[in-house]
Amino acid sequence: AYLVGERALRNYTTIMPVDETSVKDPLPDTVVPTPPPVPESFADAGINDQATPFTQRSPGLIIPVVGVTPDQLIDTFSSSRSEDRFHDAIDIAAPAGTPVVAATDGEIIKFFDSERGGITIYQLTADRRFVLYYAHLQKRADELQIGMKVTQGATIGFVGDTGNAGAGNYHLHFSIAMVTDPKRAWEGIYINPYPLLRDGTYPQAP
């Protein structure tokens, strides 16, 4: 009886294909509005502001040779030199051509190429209390000029062996002097850079 009924049902039942275009979306056909622009006060600072990019600078000094870490520094401030001189600086060894960077913000006030120092740079700190001296450079950065303001970490030169460094003795001679005569800001009372670079602190008057 079941088989007879199934055959009869097939004879009188027709399966029609469904037209997909006739099926409507159950959701209303509405246009999604464009969201309003985010106010600048809520936007992520610095993402599209290339004129004033965000940079985080140290309140103290940074080591002025790229790649050198505090544990690699050697205190040579009191080492003796020829003609009964003291070193009054720190020597930071690095491969030739390693970038030399500004240890803090300031102004480039003097270039001087000498028999002892070779190619050098004098930088006055932003508070105009100290002069930083970079010597034995391979060369100065091409765009660097006297009177230029530089920020901490900016490349100002490259490690070399000019002056009396000795051929192949590539290092940066770096000194800090407290200004005593504003008219001769490149001269002053020397301060040991070693503990300042090691600890990342700013120089104080002796």
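## A salt bridge across the chain

Arg128 and Glu107 form a salt bridge through their side chains, with 3.3 Å from N to O. The two residues come from distant parts of the chain, 21 residues apart: Glu107 lies in strand E5 (residues 106–114), and Arg128 sits in the loop between E6 and E7. The model is a predicted one. Glu107 counts as buried, because its relative accessibility is 17% and the cut-off for buried is under 20%.

## Other salt bridges

In total, the structure holds six salt bridges. One of them pairs the side chains of Arg198 and Asp199, at 3.0 Å from N to O. Both partners are partly exposed: Arg198 has a relative accessible area of 37%, and Asp199 has a relative accessibility of 48%. Salt bridges with shared partners also connect Glu107, Arg128 and Lys149 into one network.

Another salt bridge joins the side chains of Asp142 and Lys139, at 3.8 Å from N to O. Asp142 is exposed, with a relative accessible area of 68%. Lys139 is partly exposed, and its value is 37%.

## The loop residue Arg129

Arg129 is located in the loop between E6 and E7. Its relative accessible area is 36%, so Arg129 is classed as partly exposed. Leaving out residues up to four places away in sequence, Arg129 touches Ala177, Met178, Val179 and Ala205. Arg129 and Thr180 are 51 residues apart in sequence, while their C-alpha atoms are 8.5 Å apart in space.

## The nonpolar cores

In soluble globular proteins, nonpolar side chains tend to be buried together. In this model, the largest nonpolar core has 32 residues. Those with the most contacts inside this core are Leu73, Ile92, Tyr134, Ile156, Phe174, Ile176 and Leu197. Two or more core residues come from each of these elements: strands E3 (90–93), E6 (118–125), E7 (130–140), E9 (155–159) and E10 (171–179), and helix H2 (193–199). A second, separate core has seven residues, including Tyr122, Val131, Tyr133 and Ala185.

Which residues is Leu197 in contact with, leaving aside its neighbours within four places in sequence? They are Leu61, Ile62, Ile63, Pro64, Leu73, Ile90, Ile92 and Phe174. Among these, Leu73, Ile92 and Phe174 are also listed with the most contacts inside the largest core.

Definitions and conventions:
Residues numbered from 1 in each chain as written. Predicted model: local features only at pLDDT ≥ 70, side-chain atom pairs only at ≥ 80, totals over all residues. Heavy atoms only, no water. Core = buried A, V, L, I, M, F, W, Y, C linked by side-chain atoms within 4.5 Å. Buried < 20%, exposed > 50% of the residue type's maximum accessible area, 1.4 Å probe, protein only. Helix = DSSP H or I, 4+ residues; strand = E, 2+ residues; numbered from the N terminus. Contact = heavy atoms within 4.5 Å. Salt bridge = Lys/Arg side-chain N within 4 Å of Asp/Glu carboxyl O.
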